[in-house]
Every structure is written in C-alpha cells, then in structure tokens.
Amino acid sequence: MFDPSAAIISLIERFMTVTVPKSNEPRPIPTIPEFIYKTAICFIGAWLAQFILGGLFNSANHPLVDFPGPKRAAFTEWYRTYLELFCGRSWVHVLEEWHQKYGKIVRVGPNELSFSDPAAYHEIYNSSNFWDKEASVYQSFGQDHATFGFLKYADAKKRKDIMSPLLSRKAISDLQELVQSNVDRLCEGLTNNNAAGRSSDLFFGLRCFAVDTTTSVCFAISVDALDEPEFKAPIVEAMEKAPAHLVLFKHFPWLQSIFIRMPRWLTVMVAPQTSGIARVMDILRTQIKDAMANPYSLKDSSRHIVYHALLSVEANEGAKSADEKSLLQEAQSLLLCGSDAVSNQIMLGTWHLLESPALVRRLNKELLKVWPVLDIVPSFAELEKLPLLTAVVKETLRIGPGGIPGVLPRVVPEKGATINGSFIPQETIVGMSGYFVHHAESIFKDPKTFDPDRWLGEDSESLDKWLVSFSKGPRSCLGINLAYCELYLVLAALFRRFDIELDSAR
Ligand code: HEM
C-alpha cells in the first residue's frame, strides 16, 4: 500500500540535503531571516505534499472508496473544518443535506461514515458494542481523564461503576427535595421579576437552575447562580460562549493545549468570556484539594458525593484512586454534561408549549389534579404518573438537540462490523446523530411538529425504543435519572405556578 508519510519524509530529506562546499571555499553562513524563510518553505512544502498525496490516496485507494459522499470530504478532513469553522455550518445540518443527496450511508470524511437509517442507531450504540470513542472529537472537551472523555470503555466503566449509585433512580428520588429547592428558587426569581414589572430571561434562569442543581447534587455545594440579578450568572454567560471554543479546539487541538496551560490572567485576557467557568472551577478545585488532603473531612458530610466515591479505597478495589487532575476533570465534565443539556431541553419544550395555548390549558388541568394546593408540591413519582406531563417530557426530549448536539463518533474494532447491511472495515469512524432517529418520518409522523399526543396513542409504547436523547449502550448518559427528575419538576412548576407568555419585546 502506498504510504504518503514515507514519501513525504524522503522528499524532505532530499530538500534538506546539505551541499558540501569545495574545501577551499568558505562555508556560506545563512542569515537568520534566510534560515527562517527556508525552514518555513520546507514545512509548507511538506504540508502541501502530504495534503495532496494523502488526499489522492484517500480518494483513490482508501478502504472506504466505495461509499458515496462528497469528493472533497473524502479528500481531506479540512473540508469539515472549512464548513464548520469558516462557513459557520452546523455539522448535523450538513449531514442532513448529504444524506438526502447520497443516501443512508455517507462517507463524510476520509475515514468516517455517517448513518441516517434509524435501525443503524441501535446497531452502533447498543449494550454489546464496547467500541472506543473517537479521539479528535472527545479530546476537544479537555476531559480525557473523566468518564465522558475516556476513549476506552474499560476506563469509563470503572468510573461509572463507582459513580452510578450516586445518580441511581433511588439516590435521585431521595435527593428530590434538593432539586425541588432549586426549582423553588427559580420560581422565586421569576416571581420577583414579575412583581418588579420585568419579564424574565428563562433561558438564563434555567441554566442557573441546572448549574446549581448539578453542583448541589454532585458536590454538595451550590454556586448560587440563581441568586444573580436577572439570572446573569458569570458561569452561565461563559457556558453560552463555550460551544464556539469547542469547535475551534476540535479542529486545532494544539490551541486547546496552549489554552489549558496558560496562566489564569492570560486566559481571562484572551477569552474574558470564560472567566465565569474559571471561577467555578476554582471553587471545585479547592474542594478537591481539601478532600484529598483530609479524606476524613468527607466523613462528616451529611451525604455521599462524587469525591466520597472516587477517593474511596473500597470502591477502587485497592487500586490507586483518582488523582487531582482527574477529579477536577470529572467535576468539570459533570458540571457541563449536567447543566447545558438539561436547560436547553427544558427551554425548548417550554417554548414549543407556549406556542400551543390549548396544550398548556390541558397540562395545567392535569397538574391541578395532583397539585391542587400550591404549597403542597407533588413528588417526582406522582408527577411521573401523569400521562400528558410524561408525553410533554418525552416530546421535549425528542424535539431537542440531545446531550451532545451532533454525532457521537465511535471507532469500529478489529475484524470490522456490519451496519445497515454493509461491511465496515476496522478503524473506520462511524456515528449517527440522534437527530436522524428523532426526525425519521417513518417513526415520528410529521417530525418537525411538537406533538406530545404522539406519545399517548394506543401503540405509543413502541415509540419509546426510538427516544435516544441519552444514547444507548455502555456509554449512555450517567445522569439520566437526575435529568428526568429536573425535567418533571421544572416543567410541572412552570405550568402549574405561572401563566407564562412569550415576551416578543425581548
Ligand atoms: C436532558 C439532559 C441530558 C441529556 C439529553 C444527556 C445526554 C447524554 C448523551 C447523549 C450522552 C452520551 C455521550 C456520548 O456517547 O459521548 C451522555 C453522556 C453522559 N452524561 Fe448526559 N445528558 C443529560 C444530562 C446529564 C446529567 C444531568 C448528567 C450528570 C450530572 C450527565 C452526565 C453524563 C456523563 C458523565 C456522560 C458520559 C457517559 C459515558 O461516556 O460513558 N448527563 N449524556
């Protein structure tokens, strides 16, 4: 097989060959600008040669040549960089276009295939596939020592086994009062704004709620984002800017390494919008340092939090427990996984509900049955029994962007795999966005319409299989129980306590 790297190395070697001067000639000493210029030419030449030769190989001789797709995408990964970074395109929408044009399996990169047939989702993400996560996407989050960012299933499993009891259905039921107390604070903020004649930015309010809930459930501290005037907490403002950085880091990972290593003052100067996250990370870092310095201090804590689990010798079966870097990454990962998705989903569901006053009236009527007196708030379990609220929660999850609004790329293991009836060679990157499942006309009629009633029909149980917001298989969401608890409690409170309407002036 033609090896482009070897060809490039031999080219560089030729170009760099030193010409030995005749013995009586003085050896010419290059000036510094000349040396820099020559070196730069050398690097650019090598890069161009690799780009062209690599691209030709990808287009003509790669194991994926028979799969359809845009030629430019097959030629180089830089085409995706161009589309995402320079044209500002959403990758899922690009994929949607390509699937319409090329079919249900599309070669979307030199070594990457995307699938759009819903059946393929369960063939990639299922309980018997322990495929690695793909490095370039996951490493752009800077969490390669945390559950979410571990590429190997075995590493993630160890962590999940330790942490999942803390986020189990039972644990979350026991902690629902904590979640409810944050729901109450959110409602208080909305009420105060209303009393002052101001409308509220619910998007920010929900983000503050989700941040305070994740930090209190996972770390037993609250960063009190909900107390900030008009819900404009710095951490929440920083989170809003984060996706733009992530796209940049995905395509230029070396930028992320520099960013992470920069002193705080420089980070704040270069990207002032990230200072809110940095401040919360400082709080978590101090907590971690204290816990590591004095593990017994955790024993006094009223309940178990993630550090009890991760630092416990028993849970780690005598093996070395997580180090400071790993604990900090875990905290960051839980904070971001836990806050962003929850608030985005609830916001979207609320917005869709408000577009349908008849639906809001039905929901309010249903809620009144279990919640007649405002001060006596129903439990999570009681709310879960409400058919319309449950349908609203499911439809909210279906219509929303999911946890990771894109593809969850996996690497096909040795021996290859069969997906959608096609043999996929080993080491191919494969992925499918949940968006294609949730928007499949064959499963969800009129998929662009927010229609909770689709979950109430006679054969609606068969739809549950196709709700994949939390993904499926061994790398599915660790926080699913907490997320459901938040969705039920917040949506119920918003539509029982308030008569909300969209403020077109904002
Ligand atoms: C509506 C809310 C949420 C949605 C839609 C969601 C969705 C997802 C999805 C799709 C994944 C799979 C990612 C992948 O394959 O790389 C995931 C993973 C994960 N989620 Fe969530 N999530 C939500 C809330 C939460 C919460 C509240 C927490 C915790 C506080 C959490 C913690 C995690 C963690 C730790 C992982 C990594 C699991 C692994 O890699 O094995 N998520 N989530």
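This is a predicted model: local features need pLDDT of at least 70, side-chain atom pairs count only at pLDDT 80 or more; totals for chains, interfaces and linings use all residues.
Helices, as the word is used here, are DSSP runs of at least four residues, numbered from the N terminus.

**Loop between α11 and α12**

Phe 231 lies in the loop that joins α11 and α12, and its phi is near 60 degrees, a positive value in a residue other than glycine. Is Phe 231 buried or exposed? Phe 231 has a relative accessible area of 2% and is therefore buried, the cut-off for that class being under 20%.

Ala 225 has its place in the loop between α11, residues 202-219, and α12, residues 234-251. With a relative accessibility of 1%, Ala 225 also counts as buried. When neighbours within four places in sequence are left aside, Ala 225 is in contact with Cys 208, Asp 212, Ala 233 and Ile 235. The C-alpha atoms of Ala 225 and Phe 204 are separated by 9.7 Å, these two residues being 21 residues apart along the chain.

Cys 477 is found in the loop between α22, residues 434-438, and α23, residues 480-497. Asp 446 lies in the loop between α22 and α23 as well, and although Asp 446 is not a glycine, its phi is positive, at about 50 degrees. Asp 446 counts as partly exposed, with 44% relative accessibility.

Helix α23 has 18 residues and reaches 25 Å from its first C-alpha to its last, which is close to the 26 Å expected at 1.5 Å a residue. This helix is mostly covered, since 14 of its 18 residues are buried.

**Nonpolar surface patch**

Ile 44, Trp 47, Leu 48, Ile 52, Leu 56 and Trp 78 make a nonpolar surface patch of about 590 Å². Helix α2, which covers residues 32-60, gives the most to this patch, with five residues. Trp 47 is found in helix α2, and its relative accessible area of 42% makes Trp 47 partly exposed.

**Accessibility of the individual residues**

The table gathers the accessibility values of the residues discussed above.

| Residue | Relative accessible area | Class |
|---|---|---|
| Ala 225 | 1% | buried |
| Phe 231 | 2% | buried |
| Trp 47 | 42% | partly exposed |
| Asp 446 | 44% | partly exposed |

Methods
Residues are numbered from 1 along each chain as its sequence is written. Side-chain values use heavy atoms; hydrogens and water are left out. Helices (H or I, at least four residues) and strands (E, at least two) are DSSP runs, numbered from the N terminus. The expected span of a helix is 1.5 Å times one less than its number of residues. Buried means under 20% relative accessible area, exposed over 50%, partly exposed in between (1.4 Å probe, protein chains only). Patches are made of residues with over 30% relative accessible area and no salt bridge: like charges are joined within 9 Å, nonpolar side chains (Val, Leu, Ile, Met, Phe, Trp, Tyr) within 5 Å. Accessible areas come from the Shrake-Rupley method with a 1.4 Å probe; for residues, only the protein chains shown count as cover. A salt bridge is a side-chain nitrogen of Lys or Arg within 4 Å of a carboxyl oxygen of Asp or Glu. Contact means heavy atoms within 4.5 Å.
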